[in-house]
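Please look over the model below and go through the questions that follow it.

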Amino acid sequence: QVSAALREGGVSPTELCQRCLSLIKSTKFLNAYITVAEETALKQAEESEKRYRSGQPLGVLDGIPVAVKDNFNTAGIETTCASNMLKGYISPYNATVVQKLLDQGAVLLGKTNLDEFAMGSGSTDGVFGPVRNPWSYSRQYKEKSVSKSHSEDEESNWVITGGSSGGSAAAVSSFTCFAALGSDTGGSTRNPAAHCGVVGLKPTYGLISRHGLIPLVNSMDVPGILTRCVDDAAVVLGLLAGHDPKDSTTIQDDFKPFELPNLPDVSKLSIGIPKEYHAPALSSEILALWSKAADLFKNAGAKVTEVSLPHTCYSIVCYHVLCTAEVASNMARFDGLEYGHRSDMNKSTESMYAATRREGFNDVVRGRILSGNYFLLKQNYENYFIKAQKVRRLIANDFLKVFRSGIDILLTPTTLSDPVPYREFIKEDNRTRSAQDDILTQAVNLAGLPAINVPAALSERGLPIGLQFIGRSFQEKQLLTVAKWFEKQVKFPIIQLEEVQRHVQDVFQHQKSASFS
Amino acid sequence: MAAAVRGCGGVWRREWQCRVGGLSRRGQRTLGCNARGGAVPAGKSGLAPWVPVVGLEVHAQISSNSKLFSGSQVQFAAPPNSLVSFFDASLPGTLPVLNRRCVEAAVMTGLALNCSINKKSLFDRKHYFYADLPAGYQITQQRVPIAVNGTLSYSLYKDNKMSQMVTKTVRIKQIQLEQDSGKSLHDDTRSQTLVDLNRAGVGLMEVVMEPDMCCGEEAAAAVRELQLILQTLGSSQAVMAEGQLRVDANVSVHHRGEPYGVRTEVKNINSIRFLAKAVDYEIERQIEELENGGTILNETRAFDSKLGCTVPMRDKEGKQDYRFMPEPNLPPLILYDAKSLPANINHQQVVNIDWIHERLPDLPSVRRAKLVELYGILPEHSFTLVNEDGLTEFFENVVNQTQMKPKKVIGWILKDLLSYLKQHSLTVKESPVSSVLLADLLNLLEKKEISSTAAKQVLAELWKGEGKSPLEIVKEKKLELMQDQKELEQICQEVIDGQENEVMAIKAGNLKVLNKLIGLVQRKTQGRSNPVVVKQLLEKKLSL
C-alpha cells in the first residue's frame, strides 16, 4: 500500500525515509538498531525519488525503507554481529540478499540488534544490550499488566523480543521499517516474529543465498524475512530467491516470483497437527489457540489430521551437537589477524589468539566453541557428530513421510508461551533458554523445510502469540497461501504504540495496515 | 647427470647405502637397498637385517588461472597480498565456490596414475590454528578423495650404472583436492611474523603414495617421474624451486619379518636431490638410534639442506587433533562418465571423466617407448631425452633435418650437447646452438665434407654463439676434408717414408701401429683428412 502511495505521489521516498528515521530515534529505547545509516539511507531515498519523478521506479520495493540484521555484510556500514570481535568492522562487500534489496531500490535504514553471532533466543546477549519488545509499551499490554502488578514499576516489566533476530522483529513491529532481514538457524526469525506479532518466514534451505550472511550453522542457516503481512513476505521472497553463483548450496533452477491469490482457498488442503509439538511446557493459552486454528481450517473445509513426527524429541539434542560443532569451526577464523578485534597481548601468536578470542567473544559463544570442539575430537566424533547426523536424517525423514502421506501443511505453535519479561528471562542461562525456545522451531532447520510464523492473537497479558506453518521443500507458494488465508481469518490487532501514533500522522492513518504490497 | 634421477654419486653419508663391495665402517652393513630393493644387514644386534620403509605425500600445485575456491589469480612471486580475494582472507560470510579447472586437473592426474576416479567425492574441514591459515581450517578431502588406488611406475639405474635400469612401481593410495596455505615470514630480529596470503587457497593435489619405497634414490626417482607426468598433463607446472611440488617423506625402519617401526615425517622437501638426501639421512639416523638402544619418536622433522640432516620441527610438537568435519558449504562433488551423463545437461556444468580420458596426452613412459621404437635408440637414452625438458623436441628436430641416422645423432645430443649444457648449467632452451645449427653441422659430417674431429672443432666454435653457420666456420678455419686424392696420397707416402720402424712393425704383423700412422696423417692435414680414406690409402701403399 505504501508502494502504491509512492507511485501515486502521495508520499515521497525521502519523506518516508525521514519519518522512519525519526521514528527510529523516538523508539531508540527499544534498542532495535545497532547502526542507523541515516546518511546513506537518505541518499538512497533521494535516488529513489528521482526514479519515481522520472516515472521509472525499479519495482515494488523502490523507496521502501528496510532494515537488515547485523550479521549480514553491508559494504560501508558496520557489521558487528553484536560482538566485541567485530565492533567497528566495515565489510568491503554486500551480502547477496542486501545487494538484491539495494538493486530493487530499497532504502537501507540500518542494522538491527541480535544475540552475539545470532547465538540466543532472546536478543538479550549481544554487546549492545537487549532488545525491548515494542509490545511492552503498547496500550494493549500496559492496560493489562499495570492492573495486575501495581507494585512494580513499568520499567521493569518490559518483555523480550525473542531471538536472535529480535532487532529486526522489533523494527518491523514498531513501524520503523517495512520489512527486515533476519536469519534463521533454529528459529531465530520465527521466534521473535511470534513474540513481536509480525510475520516471520524461514524459506527452504538453498532457496536464498547465504553469501554474506555471517554463519552460525552453515547447514541450517537461511536468511529470514520479517514483514507485517504475508503478502509483503511473498514479495520480498520473490526478489531474494534463486540461484547465486557465490553460494554453491543454492538451487540451480531459476525461481519464479509469485503473487498470492486474494481469496485463498484452503478447502482442498490437508493440514497435519504433529502431536509431538504438544510439548509439556506449552502454555494452555497457546494450546487453546492452536486448536482454535485447527478448527478454523476444519470449518473451512480442509482436512485436519493428527500426525506423528516420532523423532522430534531427539531433535533439540541433535541440533545442539551439530550447531556447536559448526560454530566451533566457523568461529576459528576470528583470530585477530585479518580483521576484527586483536588483543594487545603479544607474547606469542598463540597467546594473542587466546586473548583475542577471550576478549572478543562472550561466554555463550565461547561455551559453544568449547562444546563443539569437544564433539569434533577424534575420540568423540563417532559418538556425537556422526550420531547427530544420523538423527538429523531420521528427523528429515519424519517430515518426508508425513508429507508423502498426503499432508500439505503442518500447523504447530511457534513458541511455548507469549514473551516473558526480561527480568524473568535472564533467570535461566542462554543454553537453557535456547533449548526451551528452539524446541518447536529447530526441527524444521534440521530438515531444511520452509516455515512461517503468522501472528494469531494477543495473550491474556496483551502480548502477541503466533502459530507456525511448515510446508514442503520449495513449496513456498502453497505455504504462504495458507498463511495468508489464516492471517485474514484471525485479524491480528495493530500495535497501539504512542510513539508510532505521534509520528505517523498521514501515511499510516490513510492506510489500514502498514504494508507495502 | 641429466637422466632419471641418479641416486647417490657422492651423497651417501654412511655405509649402509654403499654399493656391493663397499665396506662398512663397522664392516657389516654393506648392502644398500637401492635399486635392488634389498635390505640393510643388521648391525651388531645380530638380528635380521634392517628394512627401511619410505612413503611419500606429494603436494602439487594445480596449474590454473584461479584458486581452488575463489576467483583470485594464481601467480608465483607476485607482490605480497596482491592476489587475495575476500574468501582467501576468510572474511566472514564468504563461501567457497569450486573451480572446475582444478577438478579436471585432478581427474586427469588420477587417470594418468591409473587411479579409479570417485564419481562422488566430499570436502572436509581440517582445523588448526596457524597464522597463514586465515579460516582456521583447510578445506581438503579426508573422507572420500577424488581418486584412489593407483600406481606409479618409475625407473632407476641399477647400481648406479648408466647401462642398466630397473623399473619399480609404487601404489598410489589417493589423490585429494585441497587448499594451499599462505606463507608466514618470520622476522626474528624484530620478533614479528608477516603473512602473505597470495598462496592461500591455491588448489593442491595431494598425491599419497603407499610406503613401497626403501631409499632416497627410489623416492627421488618416483617423484621425478610424477613430476614429468604432471608436466606432461599440464595439471601442475611442478617446479620444485617455486614450491609447486613439495614432498613430505614418511620414513621408518624395522627388522625383516617384524612389524613396521615408528615413523617420522620429514616435511616440505623442495628439491629432488634433497629428498634423496633427507630420506637416506633419516633412515640412517633411525638405524643408528635404534642400534644404540634409543627409540624413534613419531615426530615431524625438517631437512636442513645446509647441514644435510633432518631436525625436529619445534612448532609441530605435540599431537594435533584436526577435528575433521564435513564442509557444509560445498555439496558433494559429482563426476560423470559417458554412461552416467544425464541428457540435456549443460556441459559447462559437469565434468566428464571419459571425455578427459580420451584427451590425455602421451605419458612419459609411452613417449619413451615410442622414441625407442621410432629411432632405434637405447631405452636409457630415451629416459634422458624425456627427463630433460625440451630435449626430445631438440633431438627430433635435429633428426628431421639431417640424413644422419638417429642412433648416431643421439650420441651428439647426449655426449656433446647435454654435457656442454650441464657444464654451463643451461637448460635445453638456453642452448647457444640451435637444433638447426647442429643439424647443419651433422650434415657436413654425414656428407663427409668434414671429419668428426673437425666437427668437434666446429661445435666448439658454435658454442661461442657468434652467429656463424657451421659452413662458415669450416671455411674460415679450413676444416674441409681434403678432396684432392693425389695430395692425400702424397702425404701418406711422406708419413710412410718417415716412419721406418713403425712400418716394419706393421709388416711384422702389429696392425695396431697403423693407427699411429693414421694419426700422423691427420696431424699433417690438420684433421682435414677422412680417417677411413687414409686407412685405405695406407693399407694399399703398405700392401696389407
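The questions below concern a predicted model and go from chain B as a whole to its helices, then to cysteines and to a helix of chain A.

Q: How many helices and strands does the secondary structure of chain B come to?
A: Chain B has 544 residues, and 54% of these count as buried. Among its contacts with a separation of 6 or more, 67% are between residues 24 or more positions apart. The secondary structure comes to 15 helices and 16 strands.

Q: How do the residues of the contact of α6(B) with α8(B) divide into nonpolar, polar and charged?
A: On the α6(B) side the contact has B:H381, B:T384 and B:L385, and these meet B:I410, B:I413, B:L414 and B:L418 of α8(B). The division of these residues is 5 nonpolar, 2 polar and no charged.

Q: In which crossing, left-handed or right-handed, does α12(B) pass α14(B)?
A: The axes of α12 (residues 485-498) and α14 (residues 513-524) of chain B come within 10 Å and cross at roughly 125 degrees. The two helices are therefore oblique to each other. The crossing in which α12(B) passes α14(B) is right-handed.

Q: Which residues is B:V399 in contact with, leaving aside its neighbours within four places in sequence?
A: B:V399 is found in helix α7 (residues 391-401) of chain B. Its relative accessible area is 10%, so B:V399 is buried. The C-alpha atom of B:I356, 43 residues apart along the chain, is separated from that of B:V399 by 32 Å. With neighbours within four places left aside, the contacts of B:V399 are B:Y375, B:P406 and B:V409.

Q: How many disulfides are there over all chains?
A: A disulfide needs two cysteine sulfur atoms within 2.5 Å. Over all chains, the count of disulfides is 0.

Q: How far from A:C196 is the nearest cysteine sulfur?
A: A:C196 is buried, with a relative accessible area of 1%. This cysteine is in no disulfide, and the nearest cysteine sulfur, that of A:C177, is away by 11 Å.

Q: Which cysteine has the sulfur nearest to that of B:C115?
A: B:C115 has a relative accessible area of 9% and is therefore buried. This residue is in no disulfide, for the nearest cysteine sulfur is 17 Å away and belongs to B:C102.

Q: Which residue with a positive phi follows α4(A)?
A: In helix α4 (residues 96-103) of chain A, the buried residues are A:T96, A:V97, A:V98 and A:L101. Their cover includes β2 (65-69), β3 (107-112), β4 (179-184), β6 (222-227) and α8 (230-240) of chain A. After α4(A) comes a residue whose phi is positive, near 90 degrees, and this residue is A:G105.

Technical notes
Residues are numbered from 1 along each chain as its sequence is written. Chains are lettered from A and ligands numbered from 1 in the order in which they are written. This is a predicted model: local features need pLDDT of at least 70, side-chain atom pairs count only at pLDDT 80 or more; totals for chains, interfaces and linings use all residues. Side-chain values use heavy atoms; hydrogens and water are left out. Contact means heavy atoms within 4.5 Å. Helices (H or I, at least four residues) and strands (E, at least two) are DSSP runs, numbered from the N terminus. Ala, Val, Leu, Ile, Met, Phe, Trp, Tyr, Cys and Pro count as nonpolar, Asp, Glu, Lys and Arg as charged, and the others, Gly among them, as polar. Buried means under 20% relative accessible area, exposed over 50%, partly exposed in between (1.4 Å probe, protein chains only). Axes are lines fitted to C-alpha atoms, for helices over the stretch in contact, and angles run from 0 to 180 degrees between N-to-C directions. Angles under 35 degrees count as roughly parallel, over 145 as roughly antiparallel, 65 to 115 as roughly perpendicular and the rest as oblique. A crossing is left-handed if the near helix is turned anticlockwise from the far one by less than a right angle, and right-handed if clockwise.
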